Amino acid sequence: MTVLQVVALAAVAAGGTLVVLVRDPVRQALVASMFGLALAILFFAFQAPDVAISQIVVATVAVPVMILLALTKLRDDEERER
Amino acid sequence: MTVLPYLVAGWLLVVGLWGAITSRHLVHQVVCLTVVQSSTYVLLLAVGYRSGGYAPIVSSSVPPSSPFVDPIVQALALTDVVVEATVVAVLLALTVQAHKRFGTADPDRLGELSG
Amino acid sequence: MRARPRAVLAVLALAGLAALIAWAAGGLTPFGTPSGPANGVVRTLVHERHAANTVNGVTYDLRGLDTLGEELILFVAALGSAVLLRHGRGEQVDERADEEHESASARTADVLRAAGTALVGPLVVLGVYVVVHGHLSPGGGFQGGVILAAGLLLVYAAGQVVALERVEPTALVEVADATGALAYVLVAVGGLVFAAAALENFLPFGTTGNLLSAGTIPVLSVAVGVEVTGAVALILTELLDQTLLRGGE
């Protein structure tokens with residue numbers, strides 16, 4: 001196992017723990033984006049460029065954007081009810 | 001050291017499940033589910049990795065007779081990543097509807113306020 | 001169950017699960033020595049199908065039925081989130097939407113508007129390149145499709161909501177979504193018609209490394225790219241939904 005793979009695995013384990021420990025959903029969306037990027041680097045270290053490209057565009061762009069949009073709709077619904 | 005990737009996959013699974021069980025906000029729960037799904041990616045790619053293998057793209061400098069990592073496992077992981085995005089989308093739509101119906105996004109209090 | 005006993009029970013159960021996983025990890029093949037037919041699959045794909053990117057070849061040729069199911073998952077997920085989110089609209093959309101989108105384009109920072117507008121063109125070109133060259137270099141339908149959908153999102157983020165409304169994105173993304181799904185199924189049926197087995201690779205194979213090679217693999221890749229663009233853009237516009245869909249209703 002190369003050093004890059006060991007470091008990437010450690011970063012992924014730490015990132016996963018941080019995503020779960022952050023309780024505020026807005027902050028968690030950004031931490032999840034960083035976690036997705038760490039996973040993509042791990043996939044590059046495992047010689048899987050297709051999966052890494054897919055992981056970058058999905059977990060760094062699409063999923064945090066969907067989370068933030070859903071949170072905006074929740075906040076708008078709360079404001080509309082008042 | 002040779003079982004480290006499998007242990008990291010197991011750790012991500014356990015941590016994600018713990019976060020989903022003790023969560024107080026539905027959107028937080030959905031993101032913990034993505035952590036659980038990422039443990040399957042790590043496991044799949046770790047099973048298919050060959051030491052000294054090249055990425056499975058054939059070109060003039062990488063002839064087909066070189067050692068390659070397993071492409072089937074990578075195709076499975078690729079499918080997995082796309083399915084994660086769709087599952088998150090549907091779960092977030094359900095969260096928005098649940099919040100509209102119950103007025104709260106706390107999973108513990110979802111059953112109480114009913115109209 | 002109340003929160004505190006549930007947390008304690010969760011820690012105990014998850015500790016047991018972690019112990020079982022650690023025990024199972026010792027029984028897997030050691031990291032770095034896979035026991036699958038990897039080299040045989042690569043050689044089959046290169047010598048028979050002339051595909052350079054073997055992951056793409058596995059996705060669209062050897063496991064093409066799996067990809068059809070995955071593409072339909074994306075289609076149904078877009079459909080499901082449209083059904084869930086579209087029903088709740090209709091109340092007070094119009095007069096709020098007018099003042100919303102005027103203030104949105106005035107509120108966006110100039111740097112964001114300039115950079116966003118400048119980057120949309122290269123992003124679309126990159127997405128189309130990744131989709132079309134999927135069988136030659138890392139990429140393919142899924143990756144390129146999400147990049148193209150992110151281009152649509154960049155237009156919204158740059159505050160060009162007025163330009164987006166004039167294009168009426170809802171009809172366009174729905175047509176793209178359905179067209180991609182239909183194209184994939186038609187190629188599958190074409191395999192049944194021309195080669196006596198559904199999803200059989202029936203187009204000429206060409207030489208490895210050319211743009212027109214590997215039979216139906218680039219065709220399916222483009223179909224999936226169109227479908228993924230439509231589905232992801234549809235999901236994103238359903239979640240945005242304040243001003244964009246007013247023109248498309």
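## Where chains B and C meet

In this predicted model, chain B puts 47 residues into its contact with chain C, and chain C answers with 46 residues. How much area is buried between chain B and chain C? It comes to about 4,100 Å², and carbon and sulfur atoms give 73% of that. If you wonder what such a figure is for, the size of an interface is often given as the accessible area lost when the parts come together.

Polar links are there too: 5 residue pairs are in polar contact between chain B and chain C, counting pairs with both residues at pLDDT 80 or more. On the chain B side, α1, α2 and α3 each supply at least two of the residues that touch chain C. The largest share, 17 residues, comes from α3(B). Sorted by class, the side of chain B that touches chain C has 32 nonpolar, 11 polar and 4 charged residues. The rule finds 1 salt bridge across the interface of chain B and chain C.

Side chains of opposite charge can pair when their charged atoms come close. Take Asp108(B) and Arg6(C): they form a salt bridge whose closest N and O atoms are 3.1 Å apart. Why does this pair join two chains? Because Asp108(B) sits in the segment after α3 of chain B, while Arg6(C) belongs to helix α1 of chain C. Asp108(B) is partly exposed, at a relative accessible area of 30%. Arg6(C) has 19% relative accessibility, so it counts as buried.

Now look at Asp106(B), whose side chain meets that of Arg24(B) in a salt bridge of 3.2 Å, N to O. This pair links distant parts of the chain, 82 residues apart: Asp106(B) is in the segment after α3 of chain B, and Arg24(B) is in the loop between α1 and α2 of chain B. Is Asp106(B) buried or exposed? Asp106(B) is buried, with a relative accessible area of 10%, whereas Arg24(B) is partly exposed at 48%.

Over all chains, the count comes to 5 salt bridges. One of them is in chain A, where the side chains of Arg27(A) and Asp24(A) meet at 3.6 Å, N to O. Arg27(A) counts as exposed, with 57% relative accessibility, and Asp24(A) is partly exposed at 33%.

## Where chains A and B meet

Chain A brings 39 residues to its contact with chain B, and chain B brings 45 residues. About 3,600 Å² is buried between chain A and chain B, and 78% of it comes from carbon and sulfur atoms. How many salt bridges does the rule find across the interface of chain A and chain B? The number is 0.

As for which helices do the touching, α1, α2 and α3 of chain A each supply at least two residues of the side facing chain B. α3(A) gives the most, with 15 residues. By class, the side of chain A that touches chain B has 27 nonpolar, 7 polar and 5 charged residues.

Start with Val58(A), in helix α3 (residues 49-81) of chain A. Val58(A) is buried, at a relative accessible area of 3%. What does Val58(A) touch, not counting residues up to four places away in sequence? Its contacts are Val63(A) and Pro64(A), then Val81(B) and Ala85(B), plus Val146(C). Gly36(A) is 22 residues from Val58(A) in sequence, and their C-alpha atoms are 8.4 Å apart in space.

Next, find Gln74(B) in helix α3 (residues 71-102) of chain B. At 2% relative accessibility, Gln74(B) counts as buried. Leaving aside its neighbours within four places in sequence, Gln74(B) is in contact with residues including Gln47(A), Ala48(A), Leu45(B), Pro56(B) and Val55(C).

## Helix α1 of chain B

Helix α1(B) covers residues 4-21, which makes 18 residues. From its first C-alpha to its last it reaches 26 Å, close to the 26 Å expected at 1.5 Å a residue. Its buried residues include Pro5(B), Tyr6(B), Leu12(B), Val15(B) and Gly19(B).

What covers the buried residues of α1(B)? The cover includes α1 (3-21) and α2 (25-45) of chain A, α2 (26-48) of chain B and α1 (3-25) of chain C.

How values were computed
Residues are numbered from 1 along each chain as its sequence is written. Chains are lettered from A and ligands numbered from 1 in the order in which they are written. This is a predicted model: local features need pLDDT of at least 70, side-chain atom pairs count only at pLDDT 80 or more; totals for chains, interfaces and linings use all residues. Side-chain values use heavy atoms; hydrogens and water are left out. Helices (H or I, at least four residues) and strands (E, at least two) are DSSP runs, numbered from the N terminus. Buried means under 20% relative accessible area, exposed over 50%, partly exposed in between (1.4 Å probe, protein chains only). Contact means heavy atoms within 4.5 Å. The expected span of a helix is 1.5 Å times one less than its number of residues. Buried area is the accessible area (1.4 Å probe) that two parts lose on being put together, summed over both. A salt bridge is a side-chain nitrogen of Lys or Arg within 4 Å of a carboxyl oxygen of Asp or Glu. Ala, Val, Leu, Ile, Met, Phe, Trp, Tyr, Cys and Pro count as nonpolar, Asp, Glu, Lys and Arg as charged, and the others, Gly among them, as polar. A polar contact is a pair of N or O atoms within 3.5 Å; within protein, one must be able to donate a hydrogen and the other to accept it, and residues adjacent in sequence count only if both atoms are side-chain atoms.
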